[in-house]
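Structure goes in first, then my notes.

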Amino acid sequence: SGRKDRMAELAVKIADAEREIVEQRTQAFHKLREIEEVIKGVKTSDYRKILHMRYIENQTWEKIEVALSYSYQWVCKLHGRALLEVGKILKVDKS
């Protein structure tokens, strides 16, 4: 009887953990969509490419520089400029 109770308790914990994972994945999916919408609002195509590759595709800076045929420093500079544009977009959305 004690063993059955432990098994039932474990089954409930597993089910709760699975529900929590599904909820977290759903939230992550919605956040990803929000990020994509902000990136779409960026006017400069190079900025959009860098932001998409970094934050949607999770690419390294090195892969981004190779894909765009830019130096590492130039990618970093463009990324900084892109973030400034994102900041302006987010300020407009909040007002």
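How many helices and how many strands are there in the protein? I get four helices and zero strands, taking both as DSSP runs numbered from the N terminus (H or I, at least four residues, for helices; E, at least two, for strands). The order along the sequence reads α-α-α-α. I checked the spread next: the radius of gyration is 21 Å, well over the 12 Å from the globule rule for 95 residues, so the protein is more spread out than a compact globule. That radius runs over C-alpha atoms, and the rule is 2.2 Å times the number of residues to the power 0.38.

Ground rules for my notes: this is a predicted model, where local features need pLDDT of at least 70 and side-chain atom pairs count only at pLDDT 80 or more, while totals for chains, interfaces and linings use all residues. Numbering starts from 1 along each chain as its sequence is written, and side-chain values use heavy atoms, with hydrogens and water left out.

Dimensions: I read about 65 × 35 × 15 Å for the C-alpha trace along its principal axes.

Burial: 21% of the 95 residues count as buried (under 20% relative accessible area; exposed is over 50%, partly exposed in between; 1.4 Å probe, protein chains only).

Contacts: I took heavy atoms within 4.5 Å. Among contacts with a separation of 6 or more, 44% link residues 24 or more positions apart.

Surface: I looked up the accessible area (Shrake-Rupley, 1.4 Å probe; for residues, only the protein chains shown count as cover). The total is about 7,500 Å², with 57% belonging to carbon and sulfur atoms.

Last stop, I14: this residue sits in helix α1, residues 2-40, and counts as partly exposed because its relative accessibility is 43%.
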